[in-house]
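Student: I have a structure open and would like to learn how to read it. Could we go through it feature by feature?

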Amino acid sequence: MRLLLFGPPGVGKGTQAKLLSQEFGVPHISTGDMLRTAVAGGTPLGKKAKSIMDDGHLVPDDLMIAIVREAVSGPGAAHGFILDGFPRTLPQARALSTLFAELGIRSYKVIEFDVDEEELIRRLSSRLMCTKEGTIFSAEAEGLTVDSPCPQCGSPLMQRDDDKESTVRNRLRVYRVSTAQVIHYFDALGVVYRVDGTGSVDVVNREIKLLLKAKP
Ligand SMILES: [Zn+2]
């Protein structure tokens, strides 16, 4: 059970990663979370990453791969892992392959969440948040507008900057550009499996589990 998950922001990849992690008893390795944990815990890697980020730089590939190395070679990952948010660049993908070879990891699968971008944009940019409790509502599904009161508490609703259509479009573009090479790299290795990411959480979860049974 060694999985690498790829999917655009807002597709529910994190939700699936958590579900699979519980179902299969393998760690969900989110590099973003790990970085935050390492920084908060003041580990040597965390300290190094913090000083780089404090200077306003992106954490370099060698440091990211060191963090991933710790996670995938640790005792917690003896039965596998779900890697989420890594690799993001071609050098990271190559470094990960090298790391897998070093650790004797031969079989793994890359799951790519396919999604109709216009549909995703429509879904994300129709989200409204309660200004009091932070609950997220689907304006479309619940027939709300930004002028409606919160269905739960009556407070005003707002659209988060993250959910504005232009922001969503930009995040999708960044995702597409940065992951195209990475997916291409793994495609050449024959380890990429695609799942339709537009279904409900249950449907997508079932589809992924079917893919896991496929012969590599
Ligand atoms: Zn509310």
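Student: Is Glu 133 buried, partly exposed or exposed?

Tutor: Keep in mind that this is a predicted model. The label follows from the relative accessible area, where under 20% is buried and over 50% is exposed. Glu 133 has a relative accessible area of 42%, so Glu 133 is partly exposed. Cys 130 has a relative accessible area of 1% and is therefore buried.

Student: Which protein atoms are the donors of the zinc ion?

Tutor: They are the SG atoms of Cys 130, Cys 150 and Cys 153, together with OE of Glu 133. These donors lie 2.1 to 2.3 Å from the zinc ion. Along the chain they follow the spacing C-x2-E-x16-C-x2-C.

Student: What geometry does the site of the zinc ion have?

Tutor: The angles decide that. Four donors count as tetrahedral if all angles lie between 85 and 135 degrees. Here the 4 donor atoms make angles of 98 to 119°, and the site is tetrahedral.

Student: Next, the sheet. In what order do the strands of the open sheet come?

Tutor: The 5 strands are arranged as β2-β3-β1-β4-β8, with parallel pairing. At the edges are β2 (28-30) and β8 (192-196), each of which pairs on one side only. From one strand to the next, the twist averages 25°.

Student: Which helix packs on the sheet and touches β2 and β3?

Tutor: That is helix α2, residues 31-41. The direction of α2 makes about 75° with that of β2.

Student: How many bridges join β1 to β3, and how many join β1 to β4?

Tutor: β1 (residues 2-6) and β3 (residues 81-84) pair in the parallel sense over 4 bridges. β1 and β4 (residues 109-114) also run parallel, joined by 4 bridges. Leu 4 shows both pairings: Leu 83 stands opposite it in β3, and Val 110 is its bridge partner in β4.

Student: What does β4 do on its β8 side?

Tutor: β4 and β8 run parallel there, joined by 5 bridges. Val 110 stands opposite Val 192 in β8.

Student: Are the residues of β1 and β4 mostly covered or mostly open?

Tutor: For a strand, count the buried residues. In β1, 4 of the 5 residues are buried, and the strand is mostly covered. β4 is mostly covered as well, with 5 of its 6 residues buried.

Student: How is the packing of two helices described?

Tutor: Two packed helices are described by the angle between their axes and by the distance between those axes. In this model, the axes of α5 (residues 90-103) and α8 (residues 165-188) come within 8 Å and cross at roughly 30°. On the α5 side the contact is made by Leu 90, Ala 93, Arg 94 and Ser 97, and on the α8 side by Gln 181, Val 182, Tyr 185 and Phe 186. Sorted by class, the contact has 5 nonpolar, 2 polar and 1 charged residues.

Student: Is Gln 92 buried or exposed?

Tutor: Gln 92 is found in helix α5. Its relative accessibility is 7%, so Gln 92 counts as buried. Leaving out residues up to four places away in sequence, Gln 92 touches Asp 61, Met 64, Ile 65, Phe 86 and Pro 87.

Student: And Leu 124, which residues does it touch?

Tutor: With residues up to four places away in sequence not counted, Leu 124 touches Pro 9, Gly 10, Asp 163 and Val 168. Leu 124 lies in helix α6 (residues 117-124). At 6% relative accessibility, Leu 124 counts as buried because the limit is under 20%.

Terms used. Residues numbered from 1 in each chain as written. Predicted model: local features only at pLDDT ≥ 70, side-chain atom pairs only at ≥ 80, totals over all residues. Heavy atoms only, no water. Buried < 20%, exposed > 50% of the residue type's maximum accessible area, 1.4 Å probe, protein only. Helix = DSSP H or I, 4+ residues; strand = E, 2+ residues; numbered from the N terminus. Pairing = 2+ DSSP bridges. Donors = N, O, S within 2.8 Å, 3.2 Å for Na, K, Ca; no water. Tetrahedral: all angles 85-135°; square planar, octahedral: opposite > 155°, others 65-115°. Axes fitted to C-alpha atoms, helices over the stretch in contact; angles between N-to-C directions. Contact = heavy atoms within 4.5 Å. Nonpolar A, V, L, I, M, F, W, Y, C, P; charged D, E, K, R; others polar.
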